[in-house]
Amino acid sequence: MLYRQTTETSIENFVKSYALKTYVDPRFQRKKVWKNSSKVGFRTSVIENTVANPIILVSVESCIEKAEITKNQLDLDYFTKVKERGFKYISIDGNNRTNYCLDSWAKIDKDNMSSEEEIFFRERQ
C-alpha cells in the first residue's frame, strides 16, 4: 500500500528501528561532510526538540509496489535487490544526520547492543 507517514522518534528508536535497516545509496546521497560545528548544532536541535530538517526514508516495499503498478522493470530490479540485501528503507535525505545518530548511539550503548548491532557498528568503522 502506498502512503506517506511522518514519525517523530527518539534517537535510540531511530537507530534500532530504522537506521540499521536503511540503505544509503552513494549515487544520490552526499558523503559525510559535517564538521564538528554542524554536529554540535544538530545535537543541540535534538536536545531542544527543534530539528529543522527531517531524515527522509522510503519503504523499499512501497517502492517495489509502485514499480509493479507502473510496470517499471528498472526500478523493480533495483528495489528488489535492495530488499534482498536485507534493507527495509532507503535514505532519500539525511545522510549526515543519520550518521551523527549512528555514531552517537555507538558511543552511548556499546554494552547493550544486540549481536546484529555489534556487527553493523563494527562494519561502519
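Asparagine 95 touches Val24, Gln29, Arg30, Lys31 and Lys32, leaving aside residues up to four places away in sequence; contact means heavy atoms within 4.5 Å. This is a predicted model, in which local features need pLDDT of at least 70, side-chain atom pairs count only at pLDDT 80 or more, and totals for chains, interfaces and linings use all residues. Residues are numbered from 1 along each chain as its sequence is written, and side-chain values use heavy atoms, without hydrogens and water.

**Asparagine 95**
- Asparagine 95 sits in helix α5 (residues 95–108); helices are DSSP runs of H or I with at least four residues, strands are runs of E with at least two, and both are numbered from the N terminus.
- Its relative accessibility is 9%, so asparagine 95 counts as buried. Buried means under 20% relative accessible area, exposed over 50%, and partly exposed in between (1.4 Å probe, protein chains only).

- Three strands make an open, mixed sheet in the order β1-β3-β2. Strands β1 (22–23) and β2 are the edges, each pairing on one side only.
- Pairing requires at least two DSSP bridges between two strands. Antiparallel strands β2 and β3 (residues 89–93) are joined by four bridges.
- Serine 59 has tyrosine 89 of β3 as its bridge partner.
- Helix α3 (residues 60–70) lies across β2 and β3, at about 55 degrees to β2. Axes are lines fitted to C-alpha atoms, for helices over the stretch in contact, with angles from 0 to 180 degrees between N-to-C directions.

**Loop residues**
- Lysine 88 is in the loop between α4 (73–84) and β3. It is partly exposed, at 45% relative accessible area.
- Lysine 88 touches Lys21, Val58, Ser59 and Val60, not counting residues up to four places away in sequence. Its C-alpha is 6.1 Å from that of threonine 22, 66 residues apart in sequence.
- Alanine 52 lies in the loop between α2 (36–47) and β2 (56–59). At 68% relative accessibility, alanine 52 is exposed.

**Cysteines**
- Cysteine 63 is buried at 14% relative accessible area, and cysteine 101 is buried at 4%.
- The disulfide count is zero, taking a disulfide as a pair of cysteine sulfur atoms within 2.5 Å.
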